[in-house]
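The definitions come at the point where each is needed.

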Amino acid sequence: MSNPKRGTLGGGVFPTLLFVACGAPPDGEPTPDAVVGDDPPVEADHVLPSRPETLNWGWYPLDKEPVLRIASGETVRIHTLTHVGATQNEDPVEFLTGLGVPREEILDDVIDFWASREGRPREGRSGHVITGPIHIEGAEPGDMLEIRILDIETRVPWGVNSTSGRGGVFSPSYPGAGAGDEPLDIPSGRHLIRTGEVEGREVAFFSPDIQVPLAPFMGILAVAPDPVVGEPGVTVPGVQGSRPPGAFGGNLDVKDLTAGTTVYLPVFHPGALFYTGDPHGAQGDGEVSGTAIEQSLTGVFQFVLHKGVTISAPRAETATHYLIMGIDLDLDRAAREATRLVMEFLVEEKGLAPDKALSLASIAVDFRVSEVVDLTQVVTGFIPKDIFLNE
C-alpha cells in the first residue's frame, strides 16, 4: 500500500486511501467464478474463513478465544456469510433453491454453519452471521483501532432483499410509528436479486429494465463492546445483540464503508476483538425495508493500532470526506449527536472556535440518514476535505 496523505486525529492519523472494484456477466447465468473482476486479488497476510468455529450468531462474544491473532499493520482476508439461507429452520439447500438459487451457487460454508446451529445460545442475540474475533496485539481500552478497507468482493452472484407491510419503517415497533397507522398493504416476501458485470461494472439485475450499481460493504464492523443491561440490544448480562449499532461500531449499515474507506473505532477490551459480517451488495441510505441486498462477501482489511488515542464514537474517512456518525434511539437526537460530534471534530482537529465550527457544519457539511431500522439510528455528517486548503 502506498504512503497515504495523513492528517491528525487527536494525536492519531486519518489516511487517504485508494478504491477497488469487482464483477460478473449480464447474459446467461453468472457463476461464482465470474463474480470477481479482472484485477488481481489484493494480497493479505492472513486468511480468515467463514467456518462454524469462526462464526457467531447475532452477538459479539467477549470471552471467545480469538480465531486469529495479528500484529498492528497486518492485513487479513475475511470471508463472511449473509444470514439468508444460513439461519432459517428449513434445510438451506431446499430453502435457497426454492428462492431460485442454483445448487452450485450455494456455498458449503452456508450449509455447514446451518448444521452447527444446535446448541448455539440465542437469548438476547440477533440474526446476523458474524466472523471473528480477531485479536490485535497490544490493543487496550482507551486506544483506537483503524480499519482500512482495502477490497471487498462478492462471493456469489446473488443476494436477497426482504419486504413486508409490517417491516422496516412500517414496523409497529419502529420509533416513528403511530398508534393509528394502518399496515402497508403489500405481501411479505423475499426477492432473489441476481448480480453480475455489465461494461466493466458490477450491477444488480433488479428487473429487465432496472440495474442497480453494486457497492459491496460490510453492514457490521465492530470491536467487542462493553454491554450494560438496559442499553439498546442488551437484555442479557454480557451479551450485546447485533441489531443496534453503538460506540463499538457494530451494525452501522453506513453504505459508504466500501473499499477505499477507513473506519476508526474505540477499543474497550484487550486485543480490541474485531468482528465483521452482515454483508451487503448494495443499499440505499436508510435501508427502509429492513434489509439491503443481503449477499455473502469477502473483504481485505488492514488493522492499525493507535495507542492512547481516544474517540467516543465510530468515525470514517473516504478519499473526499470525513464521516462523523451520530447514533441514538431517536432519529432527531441522532442528528443532534452527529452535529455535536462534527463540531467537536472541527474544533479538535481543525482548530476552529465552537461557534465557527457550528457555522461551518451548517453551510458545508451534509448530514445524511444512514440507517433507520436497527433500533438505534445513524445520522452521518459528511465533511468535505476540499474545503480545507492547507491539506
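On a 1 Å grid over the protein atoms alone, a pocket is an open set of points with protein on both sides within 12 Å along at least five of seven lines, whereas a cavity is a set of points where a 1.4 Å probe fits but cannot get out; lining residues have an atom within 4 Å of a point. Grid points are joined across faces, edges and corners, and a volume is the space filled by probe spheres set on the points. This is a predicted model, in which local features need pLDDT of at least 70 and side-chain atom pairs count only at pLDDT 80 or more, while totals for chains, interfaces and linings use all residues. Residues are numbered from 1 along each chain as its sequence is written, and side-chain values use heavy atoms, with hydrogens and water left out.

**Second largest pocket**

- The second largest pocket has a volume of about 410 Å³, and among the 24 residues lining it, Glu 231, Pro 245, Gly 246, Ala 247 and Phe 248 are the closest to its centre.
- Two or more lining residues come from each of strand E19 (321-328) and helix H3 (331-350), where strands (E, at least two residues) and helices (H or I, at least four) are DSSP runs numbered from the N terminus.
- E19 gives the most to this lining, with four residues.
- The lining divides into 14 nonpolar, five polar and five charged residues, with Ala, Val, Leu, Ile, Met, Phe, Trp, Tyr, Cys and Pro counted as nonpolar, Asp, Glu, Lys and Arg as charged, and the others, Gly among them, as polar.

**Largest pocket**

- The largest pocket holds about 720 Å³ of space, and of its 33 lining residues the closest to the centre are His 83, His 128, Gly 290, Thr 291 and Asp 374.
- Strand E9 (158-163) and strand E16 (274-280) each contribute at least two residues to the lining of the largest pocket, which comprises seven nonpolar, 19 polar and seven charged residues.

**Cavities**

- Two cavities of 30 Å³ or more are found in a search of the whole structure, and the largest cavity contains about 50 Å³ of space.
- Residues lining the largest cavity include Ile 311, Arg 315, Met 325 and Glu 344, and E19 and H3 each supply at least two residues of this lining.

**Thr 82**

- Thr 82 lies in the loop between strand E6 (75-79) and helix H1 (92-99), and its relative accessible area is 1%.
- Not counting residues up to four places away in sequence, Thr 82 touches Val 129, Pro 279, Glu 294, Gln 295 and Ser 296, contact meaning heavy atoms within 4.5 Å.

Notes. Buried means under 20% relative accessible area, exposed over 50%, partly exposed in between (1.4 Å probe, protein chains only).
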